[in-house]
Amino acid sequence: MKQNIFYPPSRTLMGPGPSDVPARVLQALAKPTLGHLDPCFIELMNHIQKLLRATFLTKNPLTLPISAPGSAGMEACFVNLVEPKEKVLICQNGVFGTRMEEIVKRIGGQAILVKDDWGRAVDPEKVEDALKTHPDTAILAFVHGETSTGALSDAKILGQLAQKYDCLSIVDAVTTLGGVELQVDDWSLDAVYSGTQKCLSAPPGLSPVTFSPRAVEKIKQRKSPILSWFLDLKLILQYWDDDSNKRTYHHTAPVNGLYGLLEALTILQEEGLEQAWSRHKRMHNLLKKRLEKLDLQFMVPENERLPQLNSIVVPEKLNAEQVRAYVLEKFNLEIGAGLGPMAGKIWRIGLMGASASINNVSLCATALEESLNMA
């Protein structure tokens, strides 16, 4: 007799992630599992790396998916590039900038903070002033699209500042990769990490990363050991180096998850990067028109807004969690809650990857309209 069978409900995912996963990706996950050193699987690894380079718009040889979620991609960048006592200039305008600070402190770096209000983009002038004040800064770290608020910062200008003041850049692109313009090589970005569960519309559990030759050279010249064994890129490369004729075991790769990532990247390339960026913007504008008719306001100013993560101010005297519970129960629709000081004050509506569709925008607007009328 079968017991403990779990049947997940079919939801429409319009929170801050994960996003809806296309049927093609789900079907790919169900393909036969191979060994992680099987010649056929190694061919797939090579293909994934090529597609990731095309998605990041980079020629960086060191481009691969870390076998863990985006938070591990973040940690991989910092533990490999930051040595004890080095100064790291961290731009904070939301939750994920604070996580950068926590990681830097744990590995013995010196965190220098440049703070902007939650819901606002990073101010490049503040960053340049801080770089002038701290000319020995080794790393400039910032979040391209702050998932906790939906604020989009200018990664091109910030990358140029890192180059100008001779420091490396670490960039959180978890919510931006595949959803808005991101030019790793042209913008001279050094270490960029993302996640599969946002605009790539693959299941959670992998973190695409890419490192510039400048970043690789710094890793090679480290004076202190990398503090994480699992995230040590010198070791991981022995498995993921696509120029090597012999890959060696480092860890058991999430084989079926990588099948899903390959399919998701293939779908993105079939659509085209620029077309995907344009679609996310169009769906944002459509959502904006629908929500403005309901007198709902966006938290982030329009010229600093991330199209795929929309922070909506909860009207006064309305219980944010009751609305979220209502749309989940009545419409099978997930929207996100606010984090930290924004808890109970905003809803976060995701239009990421496959979730960025006309049908989803219509469903979300209809669900919110009904919930507001019921309040």
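Predicted model: local features only at pLDDT ≥ 70, side-chain atom pairs only at ≥ 80, totals over all residues.
I started with Met-45 and looked for its partners: leaving out residues up to four places away in sequence, Met-45 touches His-36, Tyr-239, Trp-240 and Arg-247.

Next I checked where Met-45 sits, and found it in helix α2, residues 39–56. Is Met-45 buried or exposed? Its relative accessible area is 0%, so I put it down as buried.

Then I went to Leu-261, which is in helix α9 (residues 255–271). Leu-261 also has a relative accessible area of 0%, so buried again. Which residues does Leu-261 contact, aside from neighbours within four places in sequence? I noted Ile-48, Pro-65, Thr-196, Leu-200, Ala-202 and Leu-206. From Leu-261 to Arg-11 I got 21 Å between C-alpha atoms, for two residues 250 apart along the chain.

On to charges. Side chains of opposite charge can pair when their charged atoms come close. How many salt bridges are there? The count is 15. I looked up a few.

Glu-101 and Lys-105 pair up, with their closest N and O atoms 2.9 Å apart. They are 4 residues apart in helix α4 (residues 95–106), so about one helical turn separates them. Glu-101 is buried at 15% relative accessible area, under the 20% cut-off, while Lys-105 is exposed at 52%.

Glu-128 and Lys-164 form another salt bridge, 2.8 Å between the closest N and O atoms. Glu-128 is in helix α5 (residues 124–133) and Lys-164 in helix α6 (residues 155–164), so this pair ties together parts 36 residues apart in sequence. I have Glu-128 as buried at 19% and Lys-164 as exposed at 56%.

Lys-288 and Glu-292 meet in a salt bridge too, at 3.2 Å from N to O. Both belong to helix α10 (residues 273–292), 4 residues apart, about one turn. Lys-288 is buried at 17%, and Glu-292 is partly exposed at 41%. I also jotted down a network: Arg-24, Glu-263 and Glu-270 are joined by salt bridges that share partners.

Last stop, the surface. Where do negative charges gather in a patch? I found Glu-181, Asp-185, Asp-186 and Glu-274 together there. Of these I followed up Asp-186, which is in the loop between β8 (168–172) and β9 (191–193). Its relative accessibility is 63%, so Asp-186 goes down as exposed.

Technical notes
Residues numbered from 1 in each chain as written. Heavy atoms only, no water. Patch = residues over 30% accessible without salt bridge, like charges linked within 9 Å, V, L, I, M, F, W, Y side chains within 5 Å. Areas by Shrake-Rupley, 256 points an atom, 1.4 Å probe, with all protein chains shown as cover. Salt bridge = Lys/Arg side-chain N within 4 Å of Asp/Glu carboxyl O. Lys, Arg positive; Asp, Glu negative; His and termini not counted. Charge placed at Lys NZ, Arg CZ, Asp CG, Glu CD. Helix = DSSP H or I, 4+ residues; strand = E, 2+ residues; numbered from the N terminus. Buried < 20%, exposed > 50% of the residue type's maximum accessible area, 1.4 Å probe, protein only. Contact = heavy atoms within 4.5 Å.
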